[in-house]
Every structure is written in C-alpha cells, then in structure tokens.
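Hello,

Here is the structure I said I would pass on. My notes on what was found in it follow below.

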Amino acid sequence: LNVGQVYTTLARLSRDGLVEPADDGEEQQRTYRITPAGRQALDRWYAEPVAPGAPPRNELAIKLALAVHHPELDLAAIIQAQRTATMRTLQEYTRAREAAADDLSWQLVADALLFAAEAELRWLDHAEAHLARRRPARPTGPAAPA
C-alpha cells in the first residue's frame with residue numbers, strides 16, 4: 001500500500017464530504033471518520049454488484065497469440081515455462097492462504113488469487129491441447145523412404 005496514495009485518497013474523500021478529520025489521533029498521525037454522506041456512499045457501494053469492465057490487458061494471451069505466427073518459436077516451451085512460473089505462484093498463494101489462519105479478509109483475497117492462478121493453469125492446458133491438434137509432431141527418428 002502506497003502511503004502517499006492513502007493520503008491523496010483521504011484528501012479527496014474529505015473534499016467530497018465523505019470523511020472528516022477526527023481529533024482523537026496522535027499528532028504524528030491524523031485520523032479520519034466517515035460522515036453520514038460517506039456512510040450512504042459506502043452502503044450504495046456494497047449494495048451494487050461490480051459491473052464487468054473491459055478485461056485487463058493479458059500479457060500472456062498476447063504473447064501466445066503472437067508466438068503462434070512465428071514458426072521458429074517453440075510455443076510448447078513458452079507454455080511450459082509459463083506453467084512452471086504459474087505453479088510457483090500458486091504455491092506462494094497457497095502458503096499465504098495458510099498463513100492467513102482465521103483472517104477471513106485475507107482468506108478471501110488469497111482465494112481470489114489462487115482461483116486466478118488455477119484458471120491460468122487450465123487455460124495453459126487448453127492452449128497446449130490446441131497446439132497439439134494444430135501442429136504436426138516433429139519427427140524424432142530417421143525419415144522414412146519416399
């Protein structure tokens with residue numbers, strides 16, 4: 001969390017009347033409290049479903065889509081390298097999930113990260129299956145006489 005971003009956000013929320021400075025903080029650290037208008041805005045935010053927006057840029061999908069058009073590239077090796085990296089990430093997220101213990105907030109965030117990594121692994125399997133169907137296997141032995 002970028003501390004500068006926190007203060008910028010608090011200044012904007014204060015300007016918009018959603019929070020106000022509270023006098024109960026230490027001198028070195030200013031505290032804020034939510035205003036009635038801020039409570040209403042927060043309640044609306046919780047009540048409204050998150051609308052799907054434009055999907056974020058997926059660097060991996062772009063990489064594979066472009067690599068398909070370059071026969072000199074080993075697409076299977078690119079997929080395998082990504083699978084290995086994603087498996088490492090999945091293991092890190094699993095450890096973080098376990099470290100969350102009874103912290104439901106962090107468990108939910110860790111679960112979202114885990115599910116996204118698992119989805120990427122499934123997609124890589126799917127991409128690899130497509131590749132296997134589209135490209136002929138490379139001969140491994142001597143060529144058969146014509």
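Glutamate 128 counts as partly exposed because its relative accessibility is 30%, which lies between the 20% and 50% cut-offs. Its salt-bridge partner is arginine 83, with 3.1 Å between the closest N and O atoms. That pair links distant parts of the chain, since glutamate 128 sits in helix H5 and arginine 83 in helix H4, 45 residues apart. Arginine 83 is buried, as its relative accessible area is 12%. A network of salt bridges links Arg83 and Glu128 with Asp125. Please keep in mind that this is a predicted model.

Helix H5 covers residues 104-134. Its 31 residues, at 1.5 Å each, should span 45 Å, and the C-alpha atoms at its ends are 45 Å apart, so the two values agree.

Which residues of H5 are buried? They are Gln107, Ala110, Asp111, Leu114, Ala117, Leu121, Leu124, Ala127 and Leu131. These buried residues pack against helix H3 (59-67) and helix H4 (75-99). On spacing, residues three or four places apart in an α-helix point the same way, because there are 3.6 residues a turn.

Tryptophan 106 also belongs to H5. With a relative accessibility of 34%, tryptophan 106 counts as partly exposed. Together with Val109 and Leu113, Trp106 makes a nonpolar surface patch of about 230 Å².

Elsewhere, arginine 33 and glutamate 20 meet through their side chains in a salt bridge, 3.0 Å from N to O. This pair also joins distant parts of the chain: arginine 33 is in strand S2 (residues 31-34) and glutamate 20 in strand S1 (residues 19-22), 13 residues apart. Both count as partly exposed, arginine 33 at 42% relative accessibility and glutamate 20 at 33%.

Another salt bridge joins aspartate 16 to arginine 15, with the closest N and O atoms 2.9 Å apart. Aspartate 16 is partly exposed at 40%, whereas arginine 15 is exposed at 61%. The whole structure holds 6 salt bridges.

As for the chain overall, it has 5 helices and 2 strands, in the order α-β-β-α-α-α-α from the N terminus. Of its 146 residues, 16% are buried. The chain exposes about 11,800 Å², and carbon and sulfur atoms supply 58% of that area.

Regards

Key
Residues are numbered from 1 along each chain as its sequence is written. This is a predicted model: local features need pLDDT of at least 70, side-chain atom pairs count only at pLDDT 80 or more; totals for chains, interfaces and linings use all residues. Side-chain values use heavy atoms; hydrogens and water are left out. Helices (H or I, at least four residues) and strands (E, at least two) are DSSP runs, numbered from the N terminus. The expected span of a helix is 1.5 Å times one less than its number of residues. Buried means under 20% relative accessible area, exposed over 50%, partly exposed in between (1.4 Å probe, protein chains only). Contact means heavy atoms within 4.5 Å. Accessible areas come from the Shrake-Rupley method with a 1.4 Å probe; for residues, only the protein chains shown count as cover. Patches are made of residues with over 30% relative accessible area and no salt bridge: like charges are joined within 9 Å, nonpolar side chains (Val, Leu, Ile, Met, Phe, Trp, Tyr) within 5 Å. A salt bridge is a side-chain nitrogen of Lys or Arg within 4 Å of a carboxyl oxygen of Asp or Glu.
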